[in-house]
Amino acid sequence: MTALKVVSWPGRAGDLNPFIEVFVDSLEAAGCDVTGIKAFPNEEFPAEADAFVIHWPQFIYSEAYGYIAKVRTLLRFIRQLRALKKRGVRIIWLAHDLMPHDWDAMRWQLLWWPTIRSLLLLADGVIALSPGTCAQIEREHSRWIRGRLTWAWHPWYEDVLVSDETAAETRAQLGISQNIRVIGFFGQLRGQKGLEDLVAAFRYVKDSDIHLLIAGAPSKSAPEIAQLVEHAASEDDRIHTILRELTDEEVKKVVAATDVCAFPYRRYTHSGAMIYSLSAHRPIVTPRTLFSQSLADLHPEWIHLYEGRLGMEALMKCVRQADPNPSPDLRDFAPTNLAAKVVELTASE
């Protein structure tokens, strides 16, 4: 049987998001021939392709400066997708985000809606990364969907567990004693991630045996978030920061040094950081959303939900709770499940 030829945008090379590595590895393990491309629309699309998987369609505008250039890019995007469909290429949108990060401004929303609706009209398949968000897509966008809507869990991250010795060394390097309970946040310091709420809630915690670790690169679109974190750390020696891009190994060590991971996100669709934390056997405190509720339905002892903005009570409830035992069963998050969905949508008539 001839291997299915799948084009992924973006591909493995040069992408900082570890999801792409997991995704491509899973397709190759399923017997697919995967080619990655760095940009779309482009004039160098592979001549042979059975499926084209789009991850983040907002990146079509990364080299389009000015509104007129963006409109022209959108028209090129639509034309090339139509041309691919005429060739028999299956168009699949892996719907990571229903609204891109930091696209709150009205001018960006006016650009996003024709982008996502054009994609939904042309896609042969749309894959959500949880059952709850799949239902959300159907509810909000069913009038535009012409292909098949399905879901598979956001895959786990393998090889993210480190030894207790490495975790202890990381704490020592950060100046954190082994008897301290550590609340951790990792990821880019974006405006919609609710770090103001996390810092504010933590400042109400008076226990000296509870510390906060915030690690990740400041966002160019929201420099005030990094400034807020730095200011809080300068006033409270229980707050530890690593405000820069982290290597994969550093992320492993940072998560291992924490006891609980806090993600007080205000707006998002899916969260790789939550799946990473679960893969590293770290409990999570996060607001109730369709994605987090789906996670909690599977692992209620690992996912601690609250309503609205994060407050001290919700934070402390999670921190003071005993660590779950045994380790979470992650079979539902096996990367093979997502690969099977892509293969199924590619091979179906």
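With a relative accessibility of 0%, alanine 51 counts as buried, where buried means under 20% relative accessible area, exposed means over 50% and partly exposed lies in between, computed with a 1.4 Å probe on protein chains only. The structure is a predicted model, in which local features need pLDDT of at least 70 and side-chain atom pairs count only at pLDDT 80 or more, while totals for chains, interfaces and linings use all residues. Residues are numbered from 1 along each chain as its sequence is written, and side-chain values use heavy atoms, with hydrogens and water left out.

Alanine 51 lies in strand β3; helices (H or I, at least four residues) and strands (E, at least two) are DSSP runs, numbered from the N terminus. Leaving aside its neighbours within four places in sequence, alanine 51 touches Lys5, Val6, Val7, Val89, Arg90, Ile92 and Thr346, a contact being heavy atoms within 4.5 Å. Valine 254, by comparison, is 203 residues from alanine 51 in sequence and 37 Å from it in space, C-alpha to C-alpha.

Strand β3 belongs to an open sheet of 6 strands, ordered β2-β1-β3-β4-β5-β6 with parallel pairing, where two strands pair if DSSP finds at least two bridges between them. At the edges stand β2 (33-36) and β6 (148-151), each of which pairs on one side only. From one strand to the next the twist averages 25 degrees; for such angles, axes are lines fitted to C-alpha atoms, for helices over the stretch in contact, and the values run from 0 to 180 degrees between N-to-C directions. Strand β1 (residues 5-9) pairs with β2 in the parallel sense over 4 bridges, and valine 6 stands opposite valine 34 in β2.

Helices lie across this sheet. Helix α1 (residues 18-29) lies across β1, β2, β3 (51-54) and β4 (90-94), and runs at about 150 degrees to β2. Helix α4 lies across β5 and β6, running at about 160 degrees to β6.

Helix α4 also meets another helix. Two packed helices are described by the angle between their axes and the distance between the axes. For α4 (residues 131-141) and α10 (residues 290-298), the axes come within 7 Å and cross at roughly 145 degrees. Pro131, Gly132, Thr133, Gln136 and Arg139 of α4 make this contact with Leu290, Phe291 and Ser294 of α10. These residues divide into 3 nonpolar, 4 polar and 1 charged, given that Ala, Val, Leu, Ile, Met, Phe, Trp, Tyr, Cys and Pro count as nonpolar, Asp, Glu, Lys and Arg as charged, and the others, Gly among them, as polar.

A further open sheet of 6 strands has the order β9-β8-β7-β10-β11-β12, again with parallel pairing. Its edge strands are β9 (239-242) and β12 (303-306), each pairing on one side only, and neighbouring strands of this sheet are turned by 25 degrees against each other on average, direction ignored. Within it, strand β7 (residues 181-186) and strand β10 (residues 260-262) pair in the parallel sense over 2 bridges, and the bridge partner of isoleucine 183 in β10 is valine 260.

Helix α6 has Leu195, Asp197, Leu198, Val199, Ala201 and Phe202 as its buried residues. What covers them includes β7, β8, α7 (223-235), β9, β10 and α11.

A search of the whole structure finds 23 salt bridges, each a side-chain nitrogen of Lys or Arg within 4 Å of a carboxyl oxygen of Asp or Glu. One of them joins aspartate 124 to lysine 85, with the closest N and O atoms 3.0 Å apart. Aspartate 124 sits in the loop between α3 (106-122) and β5 (125-128), whereas lysine 85 is in helix α2 (residues 67-86), 39 residues apart. Aspartate 124 counts as buried because its relative accessibility is 18%, while lysine 85, at 31%, counts as partly exposed.

Another salt bridge brings together the side chains of aspartate 207 and arginine 320 (2.6 Å, N to O). Because aspartate 207 lies in the loop between α6 and β8 (210-215) and arginine 320 in helix α11 (residues 312-320), the pair ties together parts that are 113 residues apart in sequence. Aspartate 207 is partly exposed, with a relative accessible area of 28%, and arginine 320 also counts as partly exposed, at 43% relative accessibility.
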